[in-house]
Amino acid sequence: MDTERSITIACIHGGRRNGMTAKMVQEIAKGARFGLSSAHSEWGHIQITTAFYGLGEPEHDIPFLVDPDIQKPDDVVTYLWGEVKEAGGLILATPVRWNNMGALMMRFLEWGYFMEKDEGWPLEGMPVGYAAHGDIDGGQSAVNAMQNIMMHLKCTTPQDGHFYRIISRLTQTDSDPEYQWMLEDAQLLGLRVAEAAYRRKYIA
């Protein structure tokens, strides 16, 4: 088996600050990076890269990868769509705002309209996972809103009978055993996206 197989999962953090949504992105990425080899040893060595991109304030964000020479907001969004098109899979994570995704994520996804108009379907078949975090209701609505847009762009969700997504109202730390399920589900989401990305690239 080819030992040089590799996959990149792009992770878009739609929060303004380095809060719980950012933490969820990190846990999802952990599941993508470390879960695949143990779950599918028959696939051999796979290099999984998780590329983080933040839409929020740089001084408060995780050290996400955005070219420092890019200044205009529209240029940043265009740049990120270019990075997404090169990836094998995608994670979209947003805080919940008024029963919907946050404004930064909405603005990012809005550019999908122009991509479809100008380029057709460059993301067709790409597996996408969705995460929403908030201390109010509306997580399901936020996930549905993101998913509807990406399905229109002909993306997929991991197909084994369920949509893998995290809808959480938790603010506790991962040291509290009562809330370990949130971390485990987040890592499972990353694993499922990585599995689907691998199958799309090397098996389909």
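**Briefing: contacts, cores and rings in a predicted model**

A polar contact of 2.7 Å links the side chains of Q187 and E27; such a contact is a pair of N or O atoms within 3.5 Å, where within protein one must be able to donate a hydrogen and the other to accept it, and residues adjacent in sequence count only if both atoms are side-chain atoms. This is a predicted model, in which local features need pLDDT of at least 70 and side-chain atom pairs count only at pLDDT 80 or more, while totals for chains, interfaces and linings use all residues. Residues are numbered from 1 along each chain as its sequence is written, and side-chain values use heavy atoms, with hydrogens and water left out.

**Overall build**

- The protein has five helices and six strands. Helices (H or I, at least four residues) and strands (E, at least two) are DSSP runs, numbered from the N terminus.
- Read from the N terminus, the element order is β-α-β-α-β-β-α-β-α-β-α.
- Of the 204 residues, 48% are buried. Buried means under 20% relative accessible area, exposed means over 50%, and partly exposed lies in between (1.4 Å probe, protein chains only).
- Take the contacts between residues at least 6 apart in sequence: 80% of them join residues at least 24 apart. Contact means heavy atoms within 4.5 Å.

**Around Q187**

- Q187 sits in helix α5. Its relative accessible area is 27%, so Q187 is partly exposed.
- Leaving out residues up to four places away in sequence, Q187 touches E27, I28, K30, G31 and A32.
- Q187 and K30 are 157 residues apart along the chain, yet their C-alpha atoms are separated by 6.1 Å.

**Nonpolar cores**

- The largest nonpolar core holds 31 residues, and W81, L92, F108 and M150 have the most contacts inside it. A nonpolar core is a set of buried Ala, Val, Leu, Ile, Met, Phe, Trp, Tyr and Cys residues joined through side-chain atoms within 4.5 Å.
- At least two residues of this core come from each of β1 (6–13), β2 (47–54), α2 (73–86), β3 (89–97), α3 (103–119), β5 (128–133) and α4 (139–152).
- Another core lies apart from this one; it has 23 residues, including V25, L36, L189 and A194.
- In soluble globular proteins, nonpolar side chains tend to be buried together.
- F108 touches I12, L55, V77, L80, W81, V84 and L92, with residues up to four places away in sequence not counted.

**Aromatic pairs**

- The structure contains three aromatic pairs. Rings of Phe, Tyr and Trp (its six-membered ring) pair if their centres lie within 6.5 Å; planes under 30 degrees apart count as stacked, over 60 as edge-to-face and the rest as tilted.
- W81 and F108 are stacked, at 4.6 Å centre to centre and 5° between the planes.
- W81 belongs to helix α2 and F108 to helix α3, so this pair ties together parts 27 residues apart in sequence. Both W81 and F108 are buried.
- The Y198 and Y202 rings have centres 5.1 Å apart and planes at 45°, so that pair is tilted.
- Y198 and Y202 are four residues apart in helix α5 (residues 180–203), which means about one helical turn separates them.
- Y198 is buried, at 1% relative accessibility. Y202 is partly exposed, at 26%.
- W43, Y198 and Y202 make up one aromatic cluster.

- R5 lies in the segment before β1 and counts as buried at 18% relative accessibility.
- H13 is in strand β1 and is buried, at 0% relative accessibility.
- A polar atom of the H13 side chain lies 3.5 Å from the backbone nitrogen of G15. The backbone nitrogen of A22 is also 3.5 Å from a polar atom of that side chain.

**Helix α3**

- Its buried residues are L104, M105, F108, L109, G112 and M115.
- Seen down the axis of α3, these buried residues fall within an arc of 120°, so they line one face of the helix. The arc is that of the directions from the helix axis to the C-beta atoms.
- On the other side of α3, A103, E110, Y113, K117 and D118 are exposed.
- Just after α3, G120 has a positive phi of about 90°.
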